[in-house]
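Let's take a walk through this fold, one piece at a time. Keep the 3D view open and follow along.

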Protein chains: 2
Amino acid sequence: MARTRTSSSSELLIELRRDATGSLHGQIERALRAAIRDGRLTSGTTMPSSRALAGHLDVSRGVVVEAYEQLAAEGFLVSQQGGVTRVGSTAAAASEAVAAPSPERPRIDFAYGRPDVTQFPRGAWLRSVREVLNVVPSDLLAYGDSRGVAELRSALAAYLNRVRGMAVQPDRVIVCNGFAQAISIVGAVLKLQPGARVAVEDPGQRDPIDVAERVGLPWVPVPVDDCGVSVPALDRSAASAVVVTPAHQFPLGSVLSADRRADLVAWARDRGGLIVEDDYDAEYRFDHEPIGALQGLAPEHVVYCGSASKVLAPGLRLGWLVSPGRLVGPLAAAKEASDRGSPAIEQLAFADFLARGEFDHHLRRMRSVYRQRRSVLLRALARDAPELVTAGASAGLHVTAWLPKGVDEEAVVAAAHDAGIRIAGLAGYWVEARDRRPGLIFGYGTAGDREIEEGVATIGTLVRASRATTRTGSDGPP
Amino acid sequence: MARTRTSSSSELLIELRRDATGSLHGQIERALRAAIRDGRLTSGTTMPSSRALAGHLDVSRGVVVEAYEQLAAEGFLVSQQGGVTRVGSTAAAASEAVAAPSPERPRIDFAYGRPDVTQFPRGAWLRSVREVLNVVPSDLLAYGDSRGVAELRSALAAYLNRVRGMAVQPDRVIVCNGFAQAISIVGAVLKLQPGARVAVEDPGQRDPIDVAERVGLPWVPVPVDDCGVSVPALDRSAASAVVVTPAHQFPLGSVLSADRRADLVAWARDRGGLIVEDDYDAEYRFDHEPIGALQGLAPEHVVYCGSASKVLAPGLRLGWLVSPGRLVGPLAAAKEASDRGSPAIEQLAFADFLARGEFDHHLRRMRSVYRQRRSVLLRALARDAPELVTAGASAGLHVTAWLPKGVDEEAVVAAAHDAGIRIAGLAGYWVEARDRRPGLIFGYGTAGDREIEEGVATIGTLVRASRATTRTGSDGPP
């Protein structure tokens, strides 16, 4: 992937001043010496032929030959068979790629929210890119609508209406770079509204809080129970907007109940409130009763956020917002301000990928892969860590497991880490809630069956050891 | 590009409640009727087979058959040969793609800063995407370094060091979505610094002003002359940073002179000022003396912004920042906050494209295309609009042309528009400068030879008409 063509070196930057004192070949020598010393030309780089460089600089070929000979004599350049000249290996090497130290890979990884990117459908994606490059009108490669290309907005509307039970018009879709940009844009728009105050789930994800703090938007936590966010508490909070995860509450895994959905929509209608629906993980339901998006119930009161990160790959950075009519303008303006729109070829490829049914196809395939891993995980937990009580296993890519009371969550996470296991506890996701309980988040998107089993067995042992210590250390056996 | 596969319709969302009153087939009928009325299922869509839908919903096939027959009787569904069932054409059509009204295309387009996207190297780009999809480790498709993939940062460093005479280490490169996001991120970071105040060129581009106003950063205009920005005026402005276009001042087209470069760097060193270098159009120099980037002179005092928009296509949204050491952290954090990093496949494809020498190759080809258009434009201006005095023609994708004194720039632009010609005047780019002069910006990135000639001839006529009016209307013939 990284061969430099000879010809490309003729783009080498050399500034010649014809009015300057000193010969032309001397100027070339100084420029090349400096470039090699600075590391702008690295050892082994093929130099342009003397003819090419002479043509490029508009000097006679003899001038360049003289400079090359001098630099070869000094060891900066090396002449090779076939008349090729390269930068010498004794020349000062500099400006090498500074490799970032790779973070130590855990042996067993229960990180949540990570799909299995080894399953990315490379062939199907390439077919879509090829189709786009074959047929797309050039206009679409120029500056365009900051909301995204019309082809993708239509394809997403059709997909969301069909699969998520939504009511989406293509002109209300705004394509973003993943959920991260979507929530960031929503935060910027909320901030513009006088008296805005955003409620977040407690426990809940950190992203909306981070965004609120960055843009200077007041925020308030609202407790979550087994049925989802508490609507009376939301009402009391005097928030003008709330960010929720109805399909699979993060991190507890509950699905927002039908009654709670109705209450939440009633709150939005009565109070003029805005619901920001983070529909992450919605594609992974492991039973026969899929739950539609909240947006379908109240399209004028919901900003919907979705992404391809959990189905295809986070590296695509493909996400989308669906907006109520009144917010399309402000959200599109915020996207325009952020980066003037998402990359066109990738958007068009995704539109094609959706329209061909490849997205559905991949989703079906992955659903069965994850269902299998989930079964392995649940079986292993029941067998080798029966002290843990699971929750939220009906959807998504993680299972939350409550630790027995009195077990030190932080100590278990740390001991697991020492044993080469990456797993998150719940501690980082509580905000104010009083009835905090210790728990672990078992992400099963990336781990293999054996790793899952070994990891669970180890954690089971750690939990039992921790209980024993707790008992011994405090008030002895119950 | 937009055929829906039959199988994908089995992803149709139907919520069945087994505890509800009413038959299962009745529930299915109501759900499908609603979906068709809402436009979630559009006319002509292929329905899943009764067997597939029954399996999906975990009901007997007879239940689905009954529902389909009822809906067919009502005209919502149509049974076709081969047992295929489709949504009927008499069903309420809704949720159609809302086509944005396409802005009226000018007959002749002198818009500036637009490359010729019809020349986008589709085949070469596809080869790079294919290579990436063939060889890239899956890890790179997961969440990654918000600065961008290491492969691209290395390839960009090598390219910029070689071609732009810069001093770039890969770990100081931050990949962005075009210049728009780059300058937006720079603005967010400047805003964090106590007492920050940014100077902009007058006349100059609007983007840095828009960003400053958005983030609440004080800004001040500094006049530009034939050699570039006035350093004494910058010094008096008490700005802590300045945004400049050294390679091709926008809109006047001047190249920042060697003396002025030295003065500007001295200002940065003495005052601890930051230079934000917008290196747009730098690739297009039409003489033999390329000018290096300012960054090469003072890497610790310059934030460099570049993009592939003017060489390849704006639709790629590929841009990059090169940062002084002390700002890498804050800029990377701002990029992380904005969208958690740019799309991986596109970054990797561009890295491959650069390493193969395809970028250089395309650039050489386009340089000759634009040189030709520039010649046609300059010849046409000399012949058919001799009243206009050109400036800044040695680089870039536009030529600025001064109008004779007394000619109403706005009237000429409006009259050109009425004649089907899109061209910008200078009026929108002055801020405070006293010696404003009327002028036009002839972008020649996208117009063909004949359009250029016809457009210039028409504008010449309009200018002469305007002068005649001015003379007659004011103090008669001189």
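## A cis proline in each chain

P203(A) sits in the loop between β5 (198-202) and α7 (207-215) of chain A. This is a predicted model, and in it the peptide bond from D202(A) to P203(A) comes out cis, with omega near 0°.

Now hop over to chain B. There, a cis peptide bond joins D202(B) and P203(B), with omega about 0°. P203(B) also has its place in a loop, the one between β5 (198-202) and α7 (207-215) of chain B.

## Chain A in outline

Chain A has 14 helices and 16 strands. Of its 478 residues, 57% are buried. As for contacts between residues at least 6 apart in sequence, 73% of those in chain A join residues at least 24 apart.

Strands of a sheet pair through backbone hydrogen bonds, either parallel or antiparallel. Strand β4 (residues 173-176) of chain A runs antiparallel to β11(A), and 4 bridges join the two. Look for V175(A) here: its bridge partner in β11(A) is W320(A). Strand β10 (residues 302-307) of chain A pairs with β11(A) too, in the antiparallel sense and over 4 bridges. In that pairing, S307(A) stands opposite G319(A).

## Two helices crossing in chain A

Next, find helix α4 (residues 122-135) and helix α11 (residues 344-355), both of chain A. Their axes come within 8 Å and cross at roughly 115°. That angle makes α4(A) roughly perpendicular to α11(A). The crossing of α4(A) past α11(A) is right-handed.

Who meets whom? From α4(A) come A124(A), W125(A), S128(A), V129(A), E131(A), V132(A) and L133(A). On the α11(A) side they meet I345(A), E346(A), L348(A), A349(A), F350(A), D352(A) and F353(A). Sort the residues of this contact by type and you get 10 nonpolar, 1 polar and 3 charged.

## The eight-stranded sheet of chain B

Over in chain B, 8 strands make an open sheet with mixed pairing, in the order β4-β11-β10-β9-β8-β5-β6-β7. Its edge strands are β4 (173-176) and β7 (228-229) of chain B, each of which pairs on one side only.

Helix α10 (residues 328-339) of chain B packs on it, touching β4 and β11 (319-322) of chain B, and its direction makes about 20° with that of β4(B). Helix α9 (residues 258-271) of chain B lies across β6, β7, β8 (241-244) and β9 (274-278) of chain B, running at about 140° to β9(B).

## The four-stranded sheet of chain B

Chain B also has an open sheet of 4 strands, ordered β12-β13-β16-β15, with antiparallel pairing. β12 (389-391) and β15 (424-425) of chain B are the edge strands, and each pairs on one side only. β15(B) and strand β16 (residues 439-443) of chain B run antiparallel and are joined by 2 bridges. Within that pair, A424(B) has I441(B) in β16(B) as its bridge partner.

## Two arginines with positive phi

Most residues other than glycine have a negative phi. R317(B) has a positive one, near 55°. You'll find R317(B) in the loop between β10 (302-307) and β11 of chain B.

R340(B) also has a positive phi, near 65°, and lies in the loop between α10 and α11 (344-355) of chain B. Are these arginines buried or partly exposed? R317(B) is buried, with a relative accessible area of 5%, while R340(B) is partly exposed at 29%.

Key
Residues numbered from 1 in each chain as written. Chains lettered and ligands numbered in written order. Predicted model: local features only at pLDDT ≥ 70, side-chain atom pairs only at ≥ 80, totals over all residues. Heavy atoms only, no water. Pairing = 2+ DSSP bridges. Contact = heavy atoms within 4.5 Å. Axes fitted to C-alpha atoms, helices over the stretch in contact; angles between N-to-C directions. Parallel < 35°, antiparallel > 145°, perpendicular 65-115°, else oblique. Left-handed = near helix turned anticlockwise from the far one by under 90°. Nonpolar A, V, L, I, M, F, W, Y, C, P; charged D, E, K, R; others polar. Buried < 20%, exposed > 50% of the residue type's maximum accessible area, 1.4 Å probe, protein only.
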